[in-house]
Amino acid sequence: MDPVVVWAPSGRRLVSGLLALNLVLLGAALVTGEAFNPNALKHQEPQVFILLLMGLSLIWILWYLLWARRQPGISPHTDHHAGSVCMTVVLLVFTACSLLLQVFKMGYYVILMECKPTAKVLLPFIESPFLGLQTYLLWAHSKDCIHRHKILTRAGLVLVLTTDLLLWLSAVTEDTVHLEIELEKGDRGVFTNTSLTNKLEDSDMGLTNGILCQCGAQTVCRVFRKGYEVLYPFNIEYYLMAGCMVYVMWKNVGRHVDPHSHQHGSQKVTLRVVHHGGILYGPLLGILVLLVGIAIFILYQVWVSLQFWRNTAFLLFYGYHLAIIPVMSFCSLAGMIIHKLETRAKDTGHNPTRNLDVVLLVAAALGQLAVSYFSVVAALAMGPNGLLGGLDLSYSLLSLLELVLQNIFIIEGLHRHPKTKMQVVDDAGDGSLMEKRDEVVKTAPPADNRNNWSRRVLQEICAFLILANIMLWVIPAFGIHPQFENGLGKQFFGFSAWFVIVNLGQPLGVFYRMHSVAALLELLVIA
């Protein structure tokens, strides 16, 4: 036990949990306050608060890496489910993109230093070491089950977690403001939205400062700004993923792990599964989806800004999704049926990583589900407005079906034992009639001859869904948001409400696709 803070309540995570809750709520109030009323906070309070949290987090990370981690017996157990190879590789890719983004932000803010707040100019200079040290912490020690200095460790981890969440929220709201300005300019040329125009003219939303604080003809400034805009989505996803891994570390503080519990959890995701398993049709169909998706992605980015080709760009987007989403739904349904036919034993062991995976899948899916339901309500209330309105309604309904089926397929697969099959036999022992009717669940090795076909089909399904979800992650992550531009949701809910709905739902939808790829990779290995 820790010899300090003897007044702490007996709940192991109570103090640190309450600390995190209060910090997140205070930070969220500051960040959203600046987003909706930027002129009210005159002393850059949100940026100062985030800078303070990053500074404290850096101090704790350095303390843990340089001193605490070197103490004997600090981490006698290891959670082999945490920090998988897939998660670590993706985190490193996002880190590289985020660090490059910080370089562009530094250059952009320094050039426009005279019209940018001081705290915002300092932010990338502090955020860069925070990104690097946090990534090293997660890469090297995400599996640690810490058993010494537990109170201080939990407090430090919730500081890092809170900082990740607030940086994510700040990135989302700042991206929202940027997209709002761009859409206002587009609306004035493409759509008619009188109420929005009057609202902007009557309010000080920062548009005047935004016009004055521009690059102008400076080529270097435009390069920095373009890099900023392109790499922005990776930074948003980084903080979501890093926050999830830090949360698992926090849950594992003081945890005792059975040394035999990682026999199947320590399997590595590798291409050997595809090579030796004979998987062919799933990867081929998935690669076709990727190639067609990349072509449509490029055409959409080029055509959507051209008035003559604008509707064609929307038709390509909806046509592509209406073609692959039903196939994904069918694959998920087929996988669910195979799960029922195999009746494999449930893996009910304590696994914080798996539990978090399930929670994240369900929670992240709520973003796209919310956008789809709101789109359906708008379409039904106003009636499908032409061909694009009908396509948007069909896309929303099919997205609802696909999300539900894929979630069920993945969650059921994550809870299946990879090596044992469930057998249900009657208890033939002496006893009462009710006791004799009780079923006893036993496990036995699966029959390879009967299960080869099901294993092969599951692996083909997982391989296809992995590649399809990657493409559905790329499209919105790089700025394709037709829900902003087709006008139906804005007309029904109003610009401000629709903007909040979509900008809260879209980042969660992007995170869902990325997280489902990691879960499907695990299912591919254990199938």
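Colleague: In which kind of crossing does helix 4 pass helix 8, left-handed or right-handed?

Modeller: Keep in mind that this is a predicted model. Helix 4 covers residues 118-141 and helix 8 covers residues 219-252. The crossing in which helix 4 passes helix 8 is left-handed.

Colleague: Is helix 4 roughly parallel or oblique to helix 8?

Modeller: The axes of helix 4 and helix 8 are 11 Å apart, and the angle of packing is about 45°. An angle counts as roughly parallel when it is under 35 degrees. The angle of about 45° therefore makes helix 4, relative to helix 8, oblique.

Colleague: Which residues of helix 8 meet helix 4, and how many residues of the contact are charged?

Modeller: On the side of helix 4, the contact includes Glu127, Phe130, Leu131 and His141. Helix 8 brings Asn235, Tyr238, Tyr239, Ala242, Met245, Val246 and Met249. By class, the contact has 10 nonpolar residues and four polar ones, and the number of charged residues is one.

Colleague: Helix 4 also packs with helix 2. Are helix 2 and helix 4 roughly parallel or oblique to each other?

Modeller: Helix 2 runs over residues 45-66, and its axis comes within 9 Å of the axis of helix 4. The two axes cross at roughly 30°. Angles under 35 degrees count as roughly parallel. Helix 2 and helix 4 are therefore roughly parallel.

Colleague: How many nonpolar residues are in the contact of helix 2 with helix 4?

Modeller: Helix 2 passes helix 4 in a left-handed crossing. The contact holds four polar and two charged residues. The remaining class is nonpolar, with a count of 19.

Colleague: Which helix gives the largest share of the lining of the second largest cavity?

Modeller: The second largest cavity has a volume of about 100 Å³. Among the residues that line it are Glu127, Asn235 and Tyr239, and these three also take part in the contact of helix 4 with helix 8. Helix 4, helix 5 (150-189) and helix 8 each give two or more residues to the lining. The largest share, four residues, comes from helix 5.

Colleague: How many residues in the lining of the second largest cavity are charged?

Modeller: The lining includes Lys105, Glu127 and Glu174. It divides into five nonpolar residues, two polar ones and a charged group of three.

Colleague: What is the volume of the largest cavity, and which helix supplies the largest share of its lining?

Modeller: There are six cavities of 30 Å³ or more, and the largest holds about 200 Å³ of space. Among its 16 lining residues, the closest to the centre are His321, Gln368, Tyr395, Leu472 and Pro476. Helix 11 (310-342), helix 13 (386-414) and helix 15 (448-477) are among the helices that each supply at least two residues. The largest share, four residues, comes from helix 18.

Colleague: Helix 11 and helix 13 both line the largest cavity. At what angle do their axes cross?

Modeller: Helix 11 passes helix 13 in a left-handed crossing. Their contact divides into 18 nonpolar, 10 polar and four charged residues. The axes come within 8 Å, and the angle at which they cross is roughly 25°.

How values were computed. Residues are numbered from 1 along each chain as its sequence is written. This is a predicted model: local features need pLDDT of at least 70, side-chain atom pairs count only at pLDDT 80 or more; totals for chains, interfaces and linings use all residues. Side-chain values use heavy atoms; hydrogens and water are left out. Axes are lines fitted to C-alpha atoms, for helices over the stretch in contact, and angles run from 0 to 180 degrees between N-to-C directions. Angles under 35 degrees count as roughly parallel, over 145 as roughly antiparallel, 65 to 115 as roughly perpendicular and the rest as oblique. A crossing is left-handed if the near helix is turned anticlockwise from the far one by less than a right angle, and right-handed if clockwise. Contact means heavy atoms within 4.5 Å. Ala, Val, Leu, Ile, Met, Phe, Trp, Tyr, Cys and Pro count as nonpolar, Asp, Glu, Lys and Arg as charged, and the others, Gly among them, as polar. On a 1 Å grid over the protein atoms alone, a cavity is a set of points where a 1.4 Å probe fits but cannot get out, and a pocket is an open set with protein on both sides within 12 Å along at least five of seven lines; lining residues have an atom within 4 Å of a point. Grid points are joined across faces, edges and corners, and a volume is the space filled by probe spheres set on the points.
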